[in-house]
Amino acid sequence: MTKSFKVIIVGGGHNGLVCATYLAAAGHQVQVLEARDSLGGGAATSEFAKGYRVSGLAHILHSLSPKVRKDLKLDTAGLEPGTAVETIALDTAGQHIRIGSTEVSGDGLSAEDINAYRQFKADFTHYAGALQPLIMNKPPRLKGMDSKDKTTLAKLGWQLRFGLGKKSMREFLRVGGINIYDVLDEVIDSPQLKGAIAVDAVLGQHMGPRTPNSVLTYLHRLWGETHSQASLPAGGMGQVASALERAATDAGVSLRTSAAVARITVSDGLAKGVELRSGECLEADIVVSNADAKTTFLDLVDSAELDAMFVHRVNSIRSLGNVAKLHFALNGLPKINGLLQEGLGHRLLIAPNMRYVEHAFNHAKYGEFSENPVLEITIPSIADPSLAPAGHHVMSVSATFAPYGLKQGWDKQREAFTQRVIHCIEQYAPGFVEQIVAQELLTPVDIEAQYHVTGGHWHHGEMAIDQLFMMRPIHGAAQYDTPINGLFLCGAAAHPGGGLTGIPGHNAAQRILAMAKEGF
Amino acid sequence: MEKYDAIIIGAGHNGLTNAAFLAKAGLDVVVLEKNNYVGGATASLELYEGWKYSNCSYVCSLFRPEIYQALDLGRHGLEVVPLQGSVSLMQNGDHFGSYHQSEVRRREIMRHSKRDADAAIRFDADLMKWCRLIRGFLLRTPPDPASFRMRDAMEFAHLLKRFYSLTESQIYEFIRFFTMSIAEYLEQYFESDIILAHFSGGSIIGTGLGVYSPGTAYVLLHHAMGDVDGNVGSWGFARGGMGSVSQAIASSFQSFGGKIRTNAEVQQIAVKGRKATGVVLASGEEVSAKVVVSNLDAKRTFLNVMDANDVPDDLLHRAKNFKIRGSSGKVNIALDGMPEFPAIPSGSPLTLGHMHFTDSLERLERAFDDWKDDRWSADPYVDMVIPTQYDPTMSPPGKHMMSVFVQYCPAEVEGGWTDAKRDAFGATVIDQIADYSPNFKDLILHAEIRTPRELEAEVGLTEGNIFQGELTLDQLMFNRPFPGYAQYRGPVKNMYMCSSSNHPGGGVMGAPGANSAREILLDLGKTDTTPEDFGDD
Amino acid sequence: MSKQAIDLTPQPNFRQVLQPTPFHQRMVEHCPIQNWMSWNGYQTPRVCDQLASEYFAIRSTCSVMDLTPMEKYRIIGPDAVKFLNRLVTRDISGLKPGRVTYVIWCNDEGKVLDDGTLFHLEQGDYRLCAQHHQLDWLLLSSLGMDVSIEEETHNIAALSVQGPTSFSVLSAAGLQGLDTLKPFGICQSVLHGFDVTISRTGFTGDLGYELWVDPSNGLALWDAIFMLKDNGLFDIRTIGLSALEMVRIEAGFIMPGDDFNTAESTIRADHDRSPYELGLGWLVDFDKPYFTGKRALIHEYSQPIARRLVKLQVEGNKPPADSFLYDGKGGRRIGTIKSHSWSPILKTNVCMADIEYRNGLPPGEIWAEIYYQKELEWRATWAKCSVSEKPFWVHPRRLATPPQAF
């Protein structure tokens, strides 16, 4: 055990809590500072209308790293394995498709498509698995690499060549950089099935199915699936935040909410601590930012402490969100044409075909919201009835595309967009509009304001190749440490990016501990 | 039955280049061409009396000077005259002129944004870094990443060495350049809409991608790394039209004893015992050879002129799914005089270069949205040149020939292409130009309108794709045309490929033809006649 | 996809590739040989009349050069000092109003982008003069700061008046305050009813001044000076860039773009240069607030130096243009001459040379291999070189205040 450091973690989102817990478990003195009144960030549950509560942003648990889950003993901290969530691609005529992780079923599907899906998922899950060494480690530098970087690259090369085999490696290298549209068109016929898969490739991104890179984002998501199926924890998403909080507390982390950090103090190239909005100053040996890169380097740190081109590159990060979150308080369960009540507990998708998704995206390019948005719908109150009054329900909808930079501004467009979404759901669930008791719309602008995420971007920045791996969030700050000594990143802005994986927090903690061992 | 050392199928410029290097090595070579003229898409045709059209490819820059020198094309009649500058006309009546004089060009950028004029220095230097790296790769055979052969390992080592001549941060920036969209890449440098639009255009030419599609920044290089006499990034006209390029290569080829047969369409490559033995012509005639080289695109090669039984299943599958969607059209116009462009200052040299009429990234991207939905762009991006301002051989005195390249035009429109739809496409283009030139329509004597349908039918470019295969990461370098087949060798012995479907791809470069010849000569144990890269240092 | 207002200002005249400066009308009269070149896009004389007499005008009488094409940026705002300190390697927080200082600035890697002079005109009001176009870099460096940066190259007409009689000439022309103006000082004067800003600065290593006026007063300023020559009081000569090149090498001033590649336009790795490699380590201050490149420079400072730009005197009279340099006669090649001049006043070859160091140490004995031509025949010779740590030529009159009248 080396010296015990005093660590401040800025932001009590899931990655901040994961990082804090690892560091505290290693004997360091860790203080988490959260601006909001609850911990867990996007996974925190809050009340949006009197008597109705819902998890603010994340509404399904998938991709959570099993290593994090095990190391932090989250299962004993209250995160019990819940029910697996499947995706149901809705159809106005009631011919829904049910998409599991390996199997797909639906009345309208051909036997060829059912087989093709099985093969496609097997192949792509296989490719995604090859990324394992890259994802669980700090991204290797491509020049001036240390021994760990060399090991990571060697493992990756081995995985590609021998893990995948010659044929799969070639196929992986072929499709890795292209779009999901062309790949799906090659193997699957059903427009509905293709539409649903394409959503997984573009959700949360500024991408359509035809945007090159969308295969990579799909692989990234699949990588999460290789070890942790989408699920709703027993007791709902609220369990995620409370389990993380408990794990942190058990490890000795000191947690403070309603403690917004105004700035990270830097002196002579060294992080010294933080100053809160209240004016209170806290000193630390190490400051870890769970905020996105722009917030960290442009707001919290005085950018004059950094090199000019570095700051320019931070400023050029693409991080404008495209997903709005809608919460509906309902006086009962909605009735969807041709869907049994059991189905309502799953992830419902409105994305009838790839062209629909692409058209939805077209609008986002020009600062318009989708005329026909892509919707991802869950009803969290089914798993956790405490979220709504008896007999009532809450519906959580991620609506895409709702660009941050709406040309006309969101102020005047909130109602129009909400109506588009309601209208869209109504087509699948007639009578839905009469069930609404209360509603809330969180546009990317609202998400930015409430969650302190620049651009309201889910993943703290686009997950395109040029902003991934050793370029995430930008090169020069891609190994969790930053040009400012003693300042680290641990959030979704860092490798491997967004999602409730806990991996950025885990990797950042490993990096800090490794560097601490060497005395920085 | 005629017997040769080598048969090349298709007398496009790559086929001729390939043939010329084989003939130069002493082989007895015949080139078989289905049309009654040579050149394929690199031809000059007289479709209106007195006018010569470069009716497909229309400007020259990527053609490798190494090949020019090695085949002595100057003495075989090729003259490439550099173009001067380019201009984008704007909807508000203004324009941006990229003058050939750097001082004037700078002041013109300043007129739109002072900052952008200075950012252009940073941009140019960065682009040159990537150019340097990629150019050295054009005349080399891509290594196979899945192979363990010594040659592939050595080639990888060579590439890595070049790659590592960059600094660490340049390495990341290079990767980003390779994977970003042109619009987002340029937005790191420039702020003015017109500057962004003007510099982006080159990145979508011939592609099925929009300015916001990742992977398009690299395509810019494809259009910027050519040079005319060492002036990197500049373009030239071939005197007499692009047909002069193929004529000169053909003449060089013939000077080495090579033979060209036109009106000789190949129906099938004959294969016996997993070895190519020759070809069968449409006429039924058989021609035999030790080596058969296909200059057809990958789809035609493996699906049309090869028997499915001679092609392995995985290759057949890849060939069927080869992405070769056409995205461009061409309008060639005979003009009674020089059209006026009131927005351009009188006497300005700007009409001598490329002319465009798209002034924002949004308009460029919307043009792409139309293509995605199988429509031609209602507001297309055009690359227009009037070579008769330099070249007196292409039209009668005082008259002009205008070559208009149009992006986007899909290979398939809803309900299929008809002559009426083709003409409506032409009208869209002519109307756009007429918006900026009041006397333009009155000057039109004849117009040849070519959608992908015509390009496929006449020149044999599948789906009308000008690069014989899209330039996306899945079809570049060691993936071009297919993983495992990127070294110009076909699935049966003695069969090779030399078209733009192969590395380094389209543009009138001649590089696939030369690279393929190098591999053939290596296999035959002959002296290599193909040139080495001149090198950048 | 932001829309921005389009500036419909007059289009650049494509027939006039080089822009005239506000002094052009007069300068033409002094340039009988019409030997023009481009300096930042402006029409500038390479040589006005005769190089030798232009050189000696600088060194022994009074020279006038049109300085307008020098890139000029106005920097104003609450964060001006913060911005400038983040930009340049020196601490400029102590630069008082009315003072000028020499500065360099680097990119993130600590490689020099450009050099220039920083004028503190009035409290919080700065002018940065640079060799190359820097607006993009200045704006990029100002992100998040409350500072306004305007390019004003064309809005300020400037003359450089240099030479031993420059003080007497300008005083006689009616400019006031020169007798108390110290080197690197700025003062204001009124001449025939218009304002003239005077700085005691220059690129010649001699006594000299730079005069800054509104372009509309350019010709009046010119005439006020040259009237003295017309009246037979002083010899005053216009000079071109060739004469300046001679004296700036004598004075040991380096020229970005000639003596080293500016970092922004460098294409090949290792072809750019740090302040240490240029012998400008004295301009780098690690005790000041953070500036771009500081981290890289701290690292570089801890390593043995690999190469340096040095002032090199080459024996003999053969011109060592572009010569290779060797460690010992016929030894290992260690560098090249970047710029050179025959010094008429010292009667020797003076050069700027880029040479490799080994283990942080300079080579023992430097020899140049010189190729030169006699009547179309090329010959080669070796010449011994010596490194000069001080400028080749210095004169006490440069610093004397009040300057001596001539």
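Chain B holds 17 helices and 20 strands. Helices are DSSP runs of H or I with at least four residues, strands are E runs of at least two, and numbering starts at the N terminus. This is a predicted model: local features need pLDDT of at least 70, side-chain atom pairs count only at pLDDT 80 or more, and totals for chains, interfaces and linings use all residues. Residues are numbered from 1 along each chain as its sequence is written, with chains lettered from A and ligands numbered from 1 in the order written.

**Overall shape of chain B**

The C-alpha atoms fill a box of roughly 65 × 60 × 50 Å along the principal axes. Buried residues make up 59% of chain B. Buried means 20 or more other C-beta atoms within 10 Å of a residue's own, exposed means 12 or fewer, and partly exposed lies in between, with C-beta atoms placed from the backbone.

**Backbone details**

| Feature | Residue | Angle |
|---|---|---|
| cis peptide | T400(A) to F401(A) | omega about 5° |
| cis peptide | R480(B) to P481(B) | omega near -5° |
| positive phi, not glycine | N494(B) | phi near 70° |
| positive phi, not glycine | N40(C) | phi about 50° |

F401(A) sits in the loop between β18 (393-400) and α14 (414-428) of chain A. P481(B) lies in the loop between α16 (452-459) and β20 (495-497) of chain B. N494(B) is found in the loop between α16 and β20 of chain B. N494(B) is buried, with 22 other C-beta atoms within 10 Å. N40(C) belongs to the loop between β1 (35-39) and β2 (42-47) of chain C. N40(C) counts as partly exposed, with 18 C-beta neighbours inside 10 Å.
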